[in-house]
Structure formats: structure tokens, C-alpha cells
Amino acid sequence: MTAAARTGTAAAGPRVTDHRGGVWSIAVPIPDNPLGHTLVHLLETGRGPVLVDTGWDDPDAWDTLTAGITACGFDVTDLHGVLVTHHHPDHHGLSARVREASGAWIAMHAADAVVVRRTREAEPGRWLDHLIAKLAAAGAPDSHLAPLRQVRAKGPVRDLPGQRAALPDREIEPGALLDLPGRRLRAVWTPGHTPGHVCLHLEEEHPARRPGHGRLFSGDHLLPGISPHIGLYEDPDDATPGDPLGDYLASLERVARLAPAEVLPAHQHAFTDAAGRVRELLAHHEERLTGLRALLAVPRTPWQLAEAMEWNRPWQRIPYASRTIAVAEAEAHLRRLVRLGLAEAVPGPEPVTYRAV
């Protein structure tokens, strides 16, 4: 059975698309999120179906995922494995339920597996302490810090997103051809959105014989109409500043060289012309870096820089939690400017200010 008869609105059943050649996508909802859904992909193999990502840990998401698997002609108990593109809860969240229902293995790049284990093992309040300290150092005002301090004062923090996701039991090795009988699927390490983000290159002729080299499961790395969030790789035990934006830009160029015939992302929709989309994203970040350097003609903290940056809405209308994410993205761009020798930290106490060079 193909999924063609099961595509459509949620009211008519799960939104499932048959991409042909033993590849389907299932739109799994993300609760209270403007993205709407994660596109979980199902890949048929000689040992049974394998999922690329799983969706958010939520009852409606689970029901949609299992109904979608049925629409593809399988049962959740048939699943052989799960390939997780990265550790975020809208991708990894349902992995434990999938493993409980099917016995499937869970695979992830080592760098993101470290994040999952570290988060699981750490006392949750320690992460909140780390976040408060980072925001204070970035120049966040007391009005932003006060709610976090109130939450911390109430005691242990529980039920953080992703806490019930599975600990991976297999590693996705960069460059490796994965052990999936009947398929040629190669792992491509694409850090930036997370330190261990991977894309998966299906090195098989496109079923419609489109020009290019196979198909690419791109996770959040390459999306048709969104620039994915590039924040900071957080580790309370590591004070060494990384360069996530630099990692992302290099990863984009690596993907462009693959020249896939079609990209199957985790959000929005499938698309072609990966190289053209890469050029757009490279130009976007170059324009943003140029604009930020101009803003740094006046020394600013990361928070002040985020306030002055252009977003998809005025700063006053950006929700509280999204402001924290925005400041992380501002700091990631600052780190790239510093690496390029185009900005520097101004000597002095916290909060740290930066200026153009």
C-alpha cells in the first residue's frame, strides 16, 4: 500500500507523502510551535523499515506517527532502527517509545549523543544555573533573569523537553555507508545547528530520474524557506568558545558539493536545487555579519546586539523564551566576527561588550 491515498489534512488521517522508491514522509505535529510539524521519514530496507527522526514526545504526535507508519504499509513493531539527525526534542523525542514498541536500535552522531547523556545525567537545576550565568554575562536585564531565578528558587526542575528520549545505542559515523541492506545511505556530518547534526545521503538514482546525485535527508541543516537557528554548543564544564556559525557555513558548502537531485528536509517540504538554497543561506549570513559589524561601531553586549538586530518581528513582540534563543544566535555571530578578526571583546568586567575592529 502506498501513502498516496492517505495524504491530506489531519482530520482525514495523518499527512503522509509517498516520495517513491521506498521513501515516505509523515508530518508529526509539534505542540504549540509555529513550525507545525516535523517531517519524519520512513525508509524501507531489506531488514524492515527505518525512521529518520521520530518527532516530539507528545500523545498526539505518537498517534500521528503510528498511524502514518500504518499508512505507509507497515506497523510500528516492524521498525528496524531509527536514525536521529540531531538531538533536539522535535526529532529525538519519541525515540524511546519507538524502541519500546519495536525493539529498534537508535543511532546518533557521537557529539550529539554526548549532549543527550550529559543532559540526562546532570541535575536539572545545574542547567538553569548555567543559563542564568550565561544570560547575565551577555547583558540580559534583571527583568529577563528574574523569572528564571524564581523557577530556580522553587527547587528541582522536572519534565524538561527530551528527558524521556532514548539514549542512543549506535553511533552514526561521518562518511560511513550505513548498514541498511538493499540501500546506499551515507552519513554526512553537518555541525552548526547542533554539534552532531548529520544529513543522510541516499546514493541511489532518483525515482523520477531527476538530474543530480540521489536524495538528501537534510534534517534541520538545509530547509527550503527557513534559516535554522545557529546558537551555542552549551557545556557547563567547557569554557572554550566554539564557532557554531563557522561550522554551519562550512557544512553548507559540503552539502552543496553533494549536488543531490532532491532534498527531503525535516520541516516544510521537499525541494530541489540544493546548491541554490546553499547560496541563499551563505548570502544571508554574510549580509547579517556585515550588518552586525556596522552595529558594533558602538560597543554593545550580546543582549544589546540582539535587541538591535533584524528579526521576523520587532524585539518588543518577540516572546520571552525566544529572546533567549535570539541572544544565543547573536553571540554565535559575534564569535564568527571575532574569529575573522572583525570584532573584539572590550576589556572590562561583565557583561562583556564587543566592538568592531
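User: Which residue in β2 is the bridge partner of aspartate 18?

Analyst: In this predicted model, aspartate 18 has tryptophan 24 of β2 as its bridge partner.

User: What makes β1 and β2 a pair of strands?

Analyst: Pairing requires at least two bridges. β1 and β2 (residues 23–29) are joined over 3 bridges in the antiparallel sense, so they count as paired.

User: Why is β1 called an edge strand?

Analyst: The open sheet has 7 strands in the order β1-β2-β3-β4-β5-β6-β7, with mixed pairing. β1 (16–18) pairs on one side only, as does β7 (170–171), and these are the edge strands.

User: Why is the pair of tryptophan 24 and phenylalanine 74 called edge-to-face?

Analyst: Ring centres must lie within 6.5 Å, and planes over 60 degrees apart count as edge-to-face. Here the centres are 5.9 Å apart and the planes stand at 85 degrees, so the pair is edge-to-face. Tryptophan 24 is in strand β2 and phenylalanine 74 in the loop between α1 and β5, 50 residues apart. Both residues are buried.

User: How do you know that tryptophan 303 and tryptophan 315 form an aromatic pair?

Analyst: The cut-off is 6.5 Å between centres, and theirs are 5.5 Å apart, with 85 degrees between the planes, again edge-to-face. Tryptophan 303 belongs to helix α9, and tryptophan 315 to the loop between α9 and α10.

User: Where does arginine 288 lie relative to tryptophan 311?

Analyst: Arginine 288 lies over the face of tryptophan 311, at 4.8 Å from the ring centre; the distance limit for this is 6 Å.

Note on methods: Residues are numbered from 1 along each chain as its sequence is written. This is a predicted model: local features need pLDDT of at least 70, side-chain atom pairs count only at pLDDT 80 or more; totals for chains, interfaces and linings use all residues. Side-chain values use heavy atoms; hydrogens and water are left out. Helices (H or I, at least four residues) and strands (E, at least two) are DSSP runs, numbered from the N terminus. Rings of Phe, Tyr and Trp (its six-membered ring) pair if their centres lie within 6.5 Å; planes under 30 degrees apart count as stacked, over 60 as edge-to-face and the rest as tilted. Buried means under 20% relative accessible area, exposed over 50%, partly exposed in between (1.4 Å probe, protein chains only). A charge sits over a ring if NZ of Lys or CZ of Arg is within 6 Å of the ring centre and within 35 degrees of the ring normal.
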